[in-house]
Every structure is written in structure tokens, then in C-alpha cells.
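Please look through the chain below before reading on. The paragraphs that follow go through a few of its backbone and side-chain features.

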Amino acid sequence: MSIITILLVEKSGIIKELEIKKLKEEELYKKANFKNKENFNCVNTWNVSIKNKEYNLSVYGKQDGRAGQENKYEFPPPIDSRLFFGNCLIINKKENNYASITKTEWKNIYDKLYGGFAD
């Protein structure tokens, strides 16, 4: 069984790579350190092509929570104005199978989703 890399977006805004042997959609909330899956859903999906590689990225998170638990990360449009609570996950799928996504790949995709940044 191959290991898949997903991204954990901590509520502080820091992104970490998580290597996972077995990924089940119904257990994703555990990877984000939640005790239950209540209100933990897929909130957006982007289909992006960079350097002839296709990405089908989904963000999972909670949009309900307590004050002070807000996630500080700024996601690209159309979810840039939404509020998330606790940790979020960024997951890549390829034809209904999970595929790895690295922090470096996400940075390039993030720049593209924002229309590119000037250095």
C-alpha cells in the first residue's frame, strides 16, 4: 500500500505535510485532530493544471466553532472570505483515488488560484 501525502492547515495558519497509509473519507476529521465528524465537510474543490499535471484539490474543515478557534489561514477564492474553525485539510484526488500533494505543489497552485503574485 502506498503512502499518500495530504496537507494539514493548522488553525495558526501553518501548513504541514501528513503522510498517511490508509485514507478513508469518513475518518478525515481524525487527521485534522477533531473528536467527531460533526460539521466537518468538504467546503470547496478546485481543478487546477500546472506544468501538465492535473490536481483535483478539496478543502475539508469546520465552518462552525467557538470564538478564538478561528483558522488564520487565507484560502484562495471562492472561500477566501469564509471563516473556518480549528484545523483544515487539503486533499488531492485523481480519478476517485487519493493522490499526494506537497507544500511546494500547494504553493504553486495557491499562486495560480490567486492569479499569480509579483515577487
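In which loop does Pro78 lie? Pro78 belongs to the loop between β4 and β5, where helices (H or I, at least four residues) and strands (E, at least two) are DSSP runs numbered from the N terminus. The peptide bond that joins Pro77 and Pro78 is cis, with omega about 10 degrees.

Some notes on the source come next. This is a predicted model, in which local features need pLDDT of at least 70 and side-chain atom pairs count only at pLDDT 80 or more, while totals for chains, interfaces and linings use all residues. Residues are numbered from 1 along each chain as its sequence is written, and side-chain values use heavy atoms, with hydrogens and water left out.

Asn33 is not a glycine, yet its phi is positive, about 70 degrees. Asn33 sits in the loop between α1 (28-31) and β3. With a relative accessible area of 59%, Asn33 is exposed; buried means under 20% relative accessible area, exposed over 50%, and partly exposed in between (1.4 Å probe, protein chains only). Asn96, also not a glycine, has a positive phi of about 70 degrees. The loop that holds Asn96 runs between β5 and β6 (97-99), and Asn96 counts as exposed at 74% relative accessibility.

The next stop is helix α2, which spans residues 103-113. Its buried residues are Glu105, Trp106, Ile109, Tyr110 and Asp111. An α-helix has 3.6 residues a turn, so residues three or four places apart point the same way. The cover over the buried residues of α2 includes β1 (4-9), β2 (15-20), β3 (40-50), β4 (53-62) and β5 (85-94). After α2 comes Gly115, with a positive phi near 85 degrees.

What does Lys53 touch, not counting residues up to four places away in sequence? On that count Lys53 touches Val48 and Glu105, contact meaning heavy atoms within 4.5 Å. The side chains of Lys53 and Glu105 are joined by a polar contact of 3.0 Å. A polar contact is a pair of N or O atoms within 3.5 Å; within protein, one must be able to donate a hydrogen and the other to accept it, and residues adjacent in sequence count only if both atoms are side-chain atoms. Lys53 counts as partly exposed, at 35% relative accessibility. Between the C-alpha atoms of Lys53 and Asn108, 55 residues apart along the chain, the separation is 12 Å.
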